[in-house]
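Please keep the sequence and the model in view while reading.

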Amino acid sequence: GITIADPLFAIAIAGYIVIGALKIGKQALDILMDKELADEERARIREIVTRHADVHGMHDLRTRSSGAQVFIQMHVEMAPDMTSLEAHDVTDAVTADLLAAYPNAEIIIHEDPEGLEDFLTDPAAFGLPPGTEVARQETHVSHIFLAGDRAYKLKKQVRFPYLDFSTLEARRRACEVEVTINRRTAPAIYLGTVAVTDEGGGRLALGGAGDPVEWLVEMRRFPDGALFTHLADAGALNRRLMESLADSIQAFHGAAEIDREHGGASGIRAIIDNNDASSRRAQGGLFNADDINALTDGSRQLQDSLTALLDARRDSGRVRHCHGDLHLANICLFENAPTLFDAIEFNDAFARIDVLYDLAFLLMDLDQRGHRRLASFVLNRYLDRVPLDGGDLDGLALLPLFLSMRAAVRAHVGASQA
C-alpha cells in the first residue's frame with residue numbers, strides 16, 4: 001500500500017479549514033431544537049390556505065420560529081388538470097395571504113395534483129393486494145415510495161440555487177437523466193421512468209393512457225439495512241468491505257467520461273460560491289453571517305493558492321463525470337457488492353468534478369461519523385489502485401480544501417432538510 005497516505009490523510013483531516021464548516025454544521029443540527037409554531041397558529045395557517053377555492057387539500061405542514069423569523073413549508077393539492085401557470089397563480093395568492101398574516105415569514109409551497117399523495121400510498125396503484133404497506137421516505141428534493149419489490153422516486157417541485165425542479169417538464173428530464181447516469185454504477189437497480197397520468201374523473205394511474213401529471217423514477221428495492229449508513233451505525237463496516245468499495249469507486253472513476261470544460265479552479269470557485277449562497281439562504285437566518293464569511297473567505301484563499309494544481313489536474317484528465325454525491329447514504333450492499341446509486345443528475349457543475357473531490361465526500365462522511373480509520377482504508381486502497389501516472393498523489397494537497405467544501409455542503413443541505 002501507499003504508506004504515506006495514512007499520515008497525509010491524518011494531516012489533511014487535522015489541518016483542513018473545516019472548523020468553520022463544522023461549526024455551521026452544528027448549527028444546522030441545532031435548528032431541530034427551534035420552536036414549532038403553536039397549535040393555534042398552525043390551525044390559522046391551515047385556515048388561510050384552505051379558504052382558497054382552488055386549494056383542494058394540504059399536507060406536510062412544517063413550521064418553525066427563530067426569533068422574529070417564521071418558516072412555513074407545505075404541500076397544497078390542486079386539480080390534476082390545472083396548468084402550471086394556473087397553479088403558480090394559486091400559490092402566489094396563498095403566499096400573499098400568508099405574508100399578510102406573517103410578514104417575517106419565509107414560505108415554501110409545493111404544488112401537488114389533487115390526490116397524488118393518496119394515490120402513491122395506495123397499494124392498488126402498484127398492483128399490490130389491499131393492506132400491503134407502502135412506506136414513504138423523504139429527502140430535501142424527493143419523496144420515495146416503497147411498494148413491494150420496487151421503489152418510486154417523486155421529485156419535489158422545488159427550486160434552489162443549484163437545481164430547478166419547478167416545472168413538470170424539468171422533473172421529467174431530471175428523471176430520465178437520473179436513470180441514465182445511475183445505470184453506470186447500478187444498472188440492475190434503475191429500471192426506468194414512469195408517468196402518473198390523469199385518467200379523467202379524478203382518477204390517477206401509473207403509466208396510463210392519460211396526460212402525465214407527474215413523473216417517477218422506478219427502481220428495484222433493496223433492504224434499508226443494506227445502506228452503508230445503517231451498516232456504519234451497526235458497526236458492520238470493515239476493512240475488507242471498505243477496500244472493495246474503494247475498488248468500485250476507482251474503477252468507476254477510471255471509466256468515467258473525461259471533461260476538460262468543467263472543474264479546475266473556476267469549477268471549484270463556483271461550488272464555493274454556491275455553498276456561500278445556499279448557507280445565506282438557509283431558513284430563519286440559521287447560519288451566523290460571520291461564520292459564513294470566515295468559511296467562504298478561507299475557502300477562496302486556499303483555492304487561489306491551489307489554482308495551478310487544480311487547473312493542471314483538469315487538463316490532465318482528472319476531472320470526470322463523477323457521482324457528485326458520494327456519501328454513505330448513497331451506497332448500498334446490493335447482490336453482495338458495494339454499489340453506488342443516486343448520483344447527481346441536476347447540475348453538471350456538481351458532478352463533472354475532480355475525482356478526488358468526488359471521493360472527499362465519502363472520506364468526510366466517514367470521519368464525521370467517527371470512522372477515520374475506515375476513511376484511511378478507503379483512501380489508501382483507492383490510491384493503490386490508481387495507475388502510477390494517474391496524478392492522484394499530487395492531488396492529496398487538495399484534500400484540505402475538498403474536505404472542507406464537502407462539510408459545507410453537508411451543512412447547508414442539512415439546513416434545507418431540517
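A helix here is a DSSP run of H or I covering at least four residues, and a strand is a run of E covering at least two, with both numbered from the N terminus. The model under discussion is a predicted one.

Between its first and last C-alpha the 14 residues of α13 reach 20 Å, close to the 20 Å expected at 1.5 Å a residue. The helix is mostly covered, since 13 of the 14 residues of α13 are buried, where buried means under 20% relative accessible area.

In soluble globular proteins, nonpolar side chains tend to be buried together. The largest nonpolar core of this model has 61 residues, of which F228, L237, L366, Y382 and F402 touch the most other members. At least two residues of this core come from each of several helices, including α7 (228-233), α8 (239-255), α14 (372-385) and α15 (399-417), while α13 gives the most, with 10 residues. If neighbours within four places in sequence are left aside, Y382 is in contact with a set of residues that includes A246, I249, Q250 and H253, and also R318, V355, L356, L359 and D392.

Is strand β5 enclosed or open? Because 6 of the 6 residues of β5 (residues 142-147) are buried, the strand is largely enclosed by the rest of the structure. Both faces are covered, with S142, I144 and L146 buried on one side of β5 and H143, F145 and A147 buried on the other. The two strands that pair with β5 are set out below, and each runs antiparallel to it.

| Hairpin | Bridges | Between the strands |
|---|---|---|
| β4 (residues 134-138) and β5 | 5 bridges | 3 residues |
| β5 and β6 (residues 150-155) | 6 bridges | 2 residues |

In the hairpin of β5 and β6, G148 takes a positive phi near 60°.

Key
Residues are numbered from 1 along each chain as its sequence is written. This is a predicted model: local features need pLDDT of at least 70, side-chain atom pairs count only at pLDDT 80 or more; totals for chains, interfaces and linings use all residues. Side-chain values use heavy atoms; hydrogens and water are left out. Buried means under 20% relative accessible area, exposed over 50%, partly exposed in between (1.4 Å probe, protein chains only). Two strands pair if DSSP finds at least two bridges between them. A nonpolar core is a set of buried Ala, Val, Leu, Ile, Met, Phe, Trp, Tyr and Cys residues joined through side-chain atoms within 4.5 Å. Contact means heavy atoms within 4.5 Å. The expected span of a helix is 1.5 Å times one less than its number of residues.
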